[in-house]
Amino acid sequence: MDSLPAVTKNYLSDLLGIANEGFKNGRVDASAKTRATHWRRWRGHCQALGVDPYLQRTDFETRCRTMHSFAAAVREGRLSGGGKVRAGTVSQALSAVNTTIALAIDEQPFKVKGSNSFIPLLAQTLNGWDKQDPGVKKKMPVEADVPELLVDA
């Protein structure tokens, strides 16, 4: 950008400011915070293993081992200090890290190229954990007048 004429530089700077404003407005604060939390945990996990968190210049086997062990750490609550979580929470963490990498270097190492599916190792693991998870107990909201009506009956 330094080599551009001043008029072009100002023009481009103005457009990038508008684009950044749209980008920031397009993010949901809760998902941005969640993504930042998962990214912080991912960086710590990678640092402990001596792996670049963006997985650049990292061979496929090391990438898989790093992603797989991160998924297990999230599943068991070892990075959050909490207890075991469901497969959906692990999937959310993997997607958050994948998105952060994609925004930084335009690569999605956790996904099959040209697809929205996780690489087979992660997909099969998540599927296995999903089968182990207890079923979801759906709760219907009940208004206060329903219990009162039942008591009066």
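**Exercise 1.** How many helices and how many strands are there in the protein chain?

*Solution.* The model is predicted; local features need pLDDT of at least 70, side-chain atom pairs count only at pLDDT 80 or more, and totals for chains, interfaces and linings use all residues. Residues are numbered from 1 along each chain as its sequence is written, and side-chain values use heavy atoms, with hydrogens and water left out. Helices (H or I, at least four residues) and strands (E, at least two) are DSSP runs, numbered from the N terminus. The protein chain has six helices and zero strands.

**Exercise 2.** Find which residues of α5 are buried and where they lie on the helix.

*Solution.* Buried means under 20% relative accessible area, exposed over 50%, partly exposed in between (1.4 Å probe, protein chains only). In α5, L122, T125, L126 and W129 are buried. Seen down the axis of α5, these residues fall within an arc of 100° (taken from the directions from the helix axis to the C-beta atoms), so they line one face. The face turned away from them carries the exposed residues P120, Q124 and K131. The buried residues pack against α3 and α4, where contact means heavy atoms within 4.5 Å.
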